[in-house]
Structures are given as structure tokens and as C-alpha cells.
Amino acid sequence: MAVQPVNPLRIIEGFGPHLAFMSGDRLSTAVEPDKLVKTHCCFCGQQCGIQLKVKDNAVIGFEPWDEFPFNRGMLCPKGVKRYLQGSHPDRLLTALKRDPAAPAGFSAMGYDEAITRVAGEIDRIQKQHGNDAFAVLTGASLTSEKTYLMGKFARVCLKTRYIDYNGRLCMVSAAAANKKAFGIDRAANPWADILKAKVVWISGANVAECAPITTDYVWQARENGAKIIVVDPRITPIARTCDLFLPIKPGRDVALFNGVLHLMIENDWLDHPFIEDHTVGFDALAESVREWTPAKTAEVTGIPERSIRQAAEWWGTASTSFLMHARGIEHHSHGVRNCLGAINMVLASGRIGREGCGYSTITGQANGQGGREHGQKAEQLPGGRDIENPVDRVHIAKVWGINEADLPHAGVDAYEVFRKIDRGEIKGLLSICFNPKVSLPDNNFITKALEKLEFYVAIDFFLNDTAHHADVVLPGSLQEEDEGVVAQLEGRVIKINKAVDCPGDARQDWRIIQDIAAKLGRTHGMQFRGPRDIFDELRAASKGSVIDYSGITYEKIEKQFGVFWPCPSEDPSGKPVDHAGTPRLFEPGSWNPIAKGAGPFYFPDGRARFNVAPYSPPAEETDAEYPLMLTTGRVVSQFLSGTQTRRIGPLVEQYPEPRIEMHPRLAAKLGIADGDWATADSRRGTCTLRAQVVTTIRPDTVFIPYHWARRKSANQLTISAQDPISKIPEYKVCAVRVKKADAPPEYANELESQQ
Ligand SMILES: Nc1nc2c(c(=O)[nH]1)N[C@H]1C(S)=C(S)[C@@H](COP(=O)(O)OP(=O)(O)OC[C@H]3O[C@@H](n4cnc5c(=O)[nH]c(N)nc54)[C@H](O)[C@@H]3O)O[C@H]1N2
Ligand SMILES: Nc1nc2c(c(=O)[nH]1)N[C@H]1C(S)=C(S)[C@@H](COP(=O)(O)OP(=O)(O)OC[C@H]3O[C@@H](n4cnc5c(=O)[nH]c(N)nc54)[C@H](O)[C@@H]3O)O[C@H]1N2
Ligand code: SF4
Ligand SMILES: [Mo]
């Protein structure tokens, strides 16, 4: 039977302040809860406020949390159904060991025995092959306390240089561009500024499906008279309600930004005083975009010239504006340049650092922002400090009570970790909150590498697809089983509150990590009593840095509905202050620890940087053999590798399986009808799925959502080309060919095992 996915628009149409009331979940439980816990959603970076209903130590439903200012009670379908995870029969209640004789390939083992085994293997591998033979991979769904602990665990306890995290697949291109241009990596504005913008420019962001609450902000801006411009190879739900849609060819965004800047210069739609007083590098940039005439821009991007001119005019002449982008421009081998192109356009307009004038990447994971701040990145120490900067090293070594000389140096990105495993340089791996077998590109290579490990331990609350290759799996905690902070997409630090205890042998993640440290006999700095203790050390470690959390407390977060960092604990003269946080960055006259009053940007001279951002084509161009472009991404009802959302029945029903989206003209050429089986081949792999024939995609491009594993995984096809600066993979474009196919024989079984 053909399974019909629900058109995402239908979900979006039902979306509004009343979604929560429509869901039934709120009303279904006639049972009186023991308590309501104010906390946040466990899924995307918007971190909607929600109240969890708790009865007998179980989360049984939710109530909206109307006072939380970001979402004011609104939730998307995932937030509404998240509470169903905890009671799922697959929830890990014991540690597991690999056991080929057991029916599922794993059998239960005692928690203490598991910790002993893990510590023993770490010790053995490090003694035999050196400290760097053991690597750690972490995730940005973890609270900031845990991400801080993981960085410290790798560098102080394991003394390995190899730690990196799944945000490497996510916002690192934007992060690198923000640091290059502004000297700081955070949304420049609170979302309230969107409402006051007269032009909202959205590049490569499927806002309605991936940042549903942001849709409400965009629509409110439109009601206030804003023009909405959307740039995407697909007419996504937000594009269907925009004023101007630019159907870009995948991988060409920097050409568009350069082309718009060319027209801004030609028509003198520039803020000369701002450029003069607050930036450097404009002349070189202006010279570099001279070649980007509207005709050339149209040819490279595939966007009609008149649309480019219209977009440039609206952007160039706006009184206020907000530019946002997401992975559509970032997941590229030139992702950093794409983001720099966007920032150049913003800086040339001078519309930043004041009300209604803003710029931001739309952060993806729950703690996508906080997860890139406090030291789980290969090259970073807490407070966004640089692991190769001698002053930063000394500061953190002091906080950690170790010699600077004993602090490891920079490691490598998450994909490179797998290349090192493949080459036999890394022999052991601990992963927490990461599912690389599904989420990394060209994932047949990842599977091969995983099987080469001498020892692999995964910490998760479900046996995710990567953990199937583990020797030991430790039962970690769901978000509602622990407390701690996360930074949501605006840069607002908020508090996750504990609602229930861990079931069975499951433990809070930070306890598991410290249990391993204790068993190794390496307890130095790894004896925190809880998240509050860890947070206090994080605050001290971040003090005086760009990402200053020293003035943030759990109490201040509760009182203010979150605190925007930087939030120092001292004023410029060193006097203690009760700082309220910094919702909007770069305001004229604002002080920061780097510029020290010289200007609003985070460089010693206080000026923002224009960066020349040349265009180059994607790593893999189409040709006669592989004539189509594949782009990949998301659907509203599924989340990332699907480990969590493929176990939530109502979300599975909404979009049960991945499909290959293609335009009717392409489908006709290939002899494929809607619902037919089709095979997509790339130079790396092959994937057979049903076709979804839609008029909302470019005819030269096909799209596959990536939330599924094994035979249904889009990442069998994707390319492992990476941006040279950020190391983000090029998920958004590679070359494929598509043909009509028969149903894969194992299809029936896989549907059964989907949950
Ligand atoms: N429902 C849901 N929501 C989520 C997530 C989820 O898995 N499911 N994940 C969260 C996370 S971690 C992230 S990172 C965000 C991602 O949020 P988004 O970045 O908005 O989502 P994607 O689907 O990855 O890609 C966005 C859009 O980029 C377009 N695109 C592809 N190639 C190009 C290109 O070359 N140029 C341009 N301009 N556009 C292009 C795609 O057609 C797609 O519509 O969502 C977060 N929210
Ligand atoms: N083709 C393609 N591939 C992509 C993308 C794309 O657009 N296209 N997008 C990329 C992006 S933007 C991202 S962010 C990555 C995501 O990449 P993944 O790391 O695969 O993301 P998750 O699915 O969140 O996997 C995290 C695992 O952590 C577990 N987990 C969640 N919270 C916790 C916790 O608090 N504690 C513990 N112990 N475990 C936890 C979950 O159960 C899950 O098994 O995928 C990337 N891959
Ligand atoms: S998934 Fe994102 S938009 Fe949906 S409820 Fe959770 S935080 Fe809000
Ligand atoms: Mo992401």
C-alpha cells in the first residue's frame, strides 16, 4: 500500500497560537498531574517554552507556557508529541554489550561492569597507542554544562586532542563567517526585531518546517508591511507566502549576494557614513563584485535577471531589514563564503545594531548556539577561546588546575576523526548525543570505519543506528531527566528543568562521564556534584571572554525568561555589576571586552570586516553521467537522524518514509509517476525510494529528506567534500542520476522495523 505523506502545508496552515489546543494531548489526560514543570522543548534551536505534566515520575502530557516570550504558548507538531519518547519500549534501561548470539545483537550488562569495561578499554588503548588514539564525539542537544564537561573530560581526563561534535555538520560555516566579519558568533538581534523590519530576506531556510515559530515572526512582519524575499531551489511553505521568490540553483548563493551588492553600489544604495565609521575593507570588496553584473549573476544562479534587480532594489532601499539564513547556504564546500556574502550585503546597508535592523543564522539543534561556545569543538576552549592562543590556554589551564603544557592542542573535525579511524590512527571512540552513521555524508564510509575500531562506547537513551556498532552502550538521560542551560537561537540562555528521574539503570549523562573518570582513577576536576556546580565553573572559565557568562545565574534566567549573553559580572572598570544581558549586539556606543569602547564590533578597533567572497562551483558538478543536482534537508515532523522522532507514532504517520521530490517535467522525462519507485545513484551510493512529484522544485534538482537510516538514508549519496575553513560537509549539492525502479525486496521488513 502506498503511504501518502501529509503535505507539510496542511500542518503549517493549522499552525497558530491554538495548535497546542488542537492536538488533544493537553486534554486527553483527565488524570490530574502531580506537577507542571516549566521547561523547554528538546528538539530545535528555538527552544519553545513548554510545561510538562508529570504524574508518578512520568511525563504524561503538556500544557502551553504562555508567558515564555519567544513562543507565547505556540508549539510545532514535534513539541506537542515529544513527551511520548520517555515511555517508548526501546528506551534503554540497562547498559548493553555487543553479543552476536543475542537476538538483537546486544545483551544487558550491569552498569558498574559496563563502566569498568569502558575504563579498562580506554586505559588499554591509551597505554598501547598513546592518548590521542582515543577520540570523543559529542552533540549540541546536550546542555551547556554537559558540553563544557565533555571538553574538559577529553582534554583533562583523557588528555586526547581528538574531540569534536555534531554541530560540525550544522552551523560552523555561519559561526566562522560571523567571527571573521563581526568578531563574535551569535545572532545579532532578538527576534522581536523581525517585527519592525520592512524587508525580511530569507536564504536557504525552510522556516515553516524547520523553525516553525519563526514563521509567526515573519508573518507578523508582513502584516506590519514588510516585503518577504525567499531564496531556495524549492518553493517551501514560507516561500508560498513571500513577495519575491528567487529559485536559486543549489550551490550558487555567494554569486547572488555579490550580484545584489553590485547593484547596490551601481545605484548608490549604500550607507556611506556607516561604512566609513564602522567597517574596514569595503574598497576591495567593491572591486571584487564589479564582475557580478545582473546578466552574469542570472546565468550562474539560474534566477531571472528581473528578480535579482527587484530583490536588490527592495533590499537596497529598505529603511529597516532583517536577513536570515540557515543550512541551505551553509552546507556547502563554500559555505563560509556564502555566509560572508550575506553579511557583506547587511554591512553595506548599514542596517545592523539598531531596532528593526538585524542579521542572523537560524540555529538548528536544541543547544546549537550554546553547544558551539564552551569547548567541545576541536579548536576551541570554553568561552569561545582559541586552543592555540597562548593567553587563552593559560587562562583555561588555570581554571582547570593543570599546567598549560599538559593541555592538548587542536584536534580535527568530526569527519576527519573517521578518516583517522579508517587509517588506524584512532583506535577507540566514545560518542554521546551523535548519530554519525546516519548523519555524516557518504555514510557507507562511516560504517566501514566504525567496524575498524578496537573499542567503541556510545551513550544514548535509544540504541541509535551508530550505536549498533558499539561494544558497550551506556543508558544516558532524556532532556527531561536533568537540568542545565542551553542558549537558544537568539543568544538567550535559558534553563532546562528536571521533570522526572532516570528510569532503571539509566543515569544523567554527566554522572556517567564522571563514573568513567573515577574508574580510570583520573578524578582531577571531574567531581562535580551536579549541573549547578559545572555551571559555576563554566561561568568562571568564560569570564572576560567574548562569550561571557559570568553574570548569568540560574536565578536570573528564571526571573528574566532567559539572559542574553554576553553578560559580564563586572563593569569596564572592574566593579561588580548586576548585568541584565545583551539582547541586541552592535548598538552604537556599546562596550565590549575586545573593542573596549573603540566601536560596537568585537575587534580591537571596534570595526566590522568586509570580506571578499569569490564564487566557485560546488565540489561535484553535474555531467552527462550524473545530470541532476541532489539537495537534502528536512520535513516538519521528523528531527535529524530520526532516532527520537521515528519512535513517535503520530509524527511517523505525518511523513512515514523519505521520498525523492522531483518536478513533473523531470518525472515525465524519466517516465516516473507520483508514488512510483525511483533509484537515485551518485558516485558513492544508491538509494531506492518512492517519488513525490511536486511543482515546487527546480526541474534540474531532486530533494531527499535525510532523517532515515540504512537503505533509506540520503547520506548514502552525499559527498564528503567540506568547506576548507569550517569543515562543514556539502550536504546541499552533489550530482546524481535518477531512474524508475522496482520495489526493493526488503521493503516490507524495513517498514516494520521503522519504529
Ligand atoms: N522539522 C525539523 N526541524 C528542524 C530540524 C529537523 O531535523 N526537523 N533540524 C534542526 C536543525 S539541527 C537544523 S540545522 C535546522 C535546519 O533548518 P533549514 O536549514 O531551514 O533546513 P534544511 O531542510 O536543511 O535546508 C533549508 C533549505 O535549503 C534549501 N537549499 C538547498 N540547497 C540550497 C542552496 O544551494 N541555496 C539555497 N539558498 N537554499 C538551498 C532546501 O531546499 C531547504 O528548503 O532545522 C532545525 N529544525
Ligand atoms: N544529508 C544530510 N545530512 C545531514 C544534514 C542535512 O541537511 N542533510 N544536516 C546535518 C545537521 S544540520 C545536523 S545538526 C546533523 C545531526 O546529526 P546527529 O548527531 O545524527 O543528530 P541527532 O539525530 O540529534 O543524533 C543525536 C543522538 O543523540 C541522542 N540524544 C539526543 N539528546 C541527548 C541527550 O541529552 N543525551 C544523550 N546521551 N543523547 C542524546 C539522540 O537519541 C540521537 O541518537 O545531521 C547532519 N546531517
Ligand atoms: S521542535 Fe522547535 S519549533 Fe517545534 S516545539 Fe520544539 S522548539 Fe518549538
Ligand atoms: Mo543542524
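Visitor: Not counting residues up to four places away in sequence, which residues does Glu454 touch?

Guide: A contact is counted when heavy atoms come within 4.5 Å. With that rule, Glu454 touches Arg124, Ile125, His129, Lys427 and Asp471, leaving out residues up to four places away in sequence. Keep in mind that this is a predicted model, where local features need pLDDT of at least 70, side-chain atom pairs count only at pLDDT 80 or more, and totals for chains, interfaces and linings use all residues. As for bookkeeping, residues are numbered from 1 along each chain as its sequence is written, chains are lettered from A and ligands numbered from 1 in the order in which they are written, and side-chain values use heavy atoms, with hydrogens and water left out.

Visitor: On to ligands. Which residues come nearest to ligand 1?

Guide: A residue is near a molecule if one of its heavy atoms lies within 4 Å of it. That gives 34 residues around ligand 1, of which Cys210, Asp232, Asp253, Arg634 and Gln638 come nearest. By class, this shell has 14 nonpolar, 12 polar and eight charged residues. Here Ala, Val, Leu, Ile, Met, Phe, Trp, Tyr, Cys and Pro count as nonpolar, Asp, Glu, Lys and Arg as charged, and the others, Gly among them, as polar.

Visitor: Which element gives the most to that shell?

Guide: α15 does, with three residues. α8 (207-210), α15 (327-330) and β23 (628-633) each supply at least two residues.

Visitor: What about polar contacts to ligand 1?

Guide: Look for a pair of N or O atoms within 3.5 Å; within protein, one must be able to donate a hydrogen and the other to accept it, and residues adjacent in sequence count only if both atoms are side-chain atoms. A polar side-chain atom of Asp232 is 2.6 Å from an oxygen of ligand 1. The side chain of Lys78 has an N or O atom 3.0 Å from a nitrogen of ligand 1, and a polar backbone atom of Arg327 is 2.9 Å from an oxygen of ligand 1. The protein covers 99% of the 900 Å² of accessible area that ligand 1 has on its own. Those areas come from the Shrake-Rupley method with a 1.4 Å probe.

Visitor: Why does ligand 1 lie between two domains?

Guide: Ligand 1 lies between domain 1 (188-361) and domain 2 (628-754) because both give residues to its shell. The bounds come from an automatic or database domain assignment. Taken over C-alpha atoms, the centres of domain 1 and domain 2 are 28 Å apart. Their contact takes 25 residues from domain 1 and 24 residues from domain 2.

Visitor: And which residues come nearest to ligand 2?

Guide: Of the 30 residues around ligand 2, those are Asn166, Ser439, Asp460, Ser641 and Asn715. The shell divides into 11 nonpolar, 15 polar and four charged residues. A polar side-chain atom of Lys732 lies 3.0 Å from an oxygen of ligand 2, and an N or O atom in the side chain of Tyr731 is 3.4 Å from a nitrogen of ligand 2. The protein covers 98% of the 920 Å² of accessible area that ligand 2 has on its own. β17 and β23 are the elements that give two or more residues to the shell around ligand 2.

Visitor: Last one: what should I look for in the backbone angles?

Guide: Most residues other than glycine have a negative phi, and most peptide bonds are trans. Here, Cys433 has a positive phi of about 65 degrees although it is not a glycine, and Cys433 is in the loop between β16 (428-432) and α19 (436-439). The peptide bond from Trp565 to Pro566 is cis, with omega near -5 degrees.

Note on methods
Helix = DSSP H or I, 4+ residues; strand = E, 2+ residues; numbered from the N terminus.
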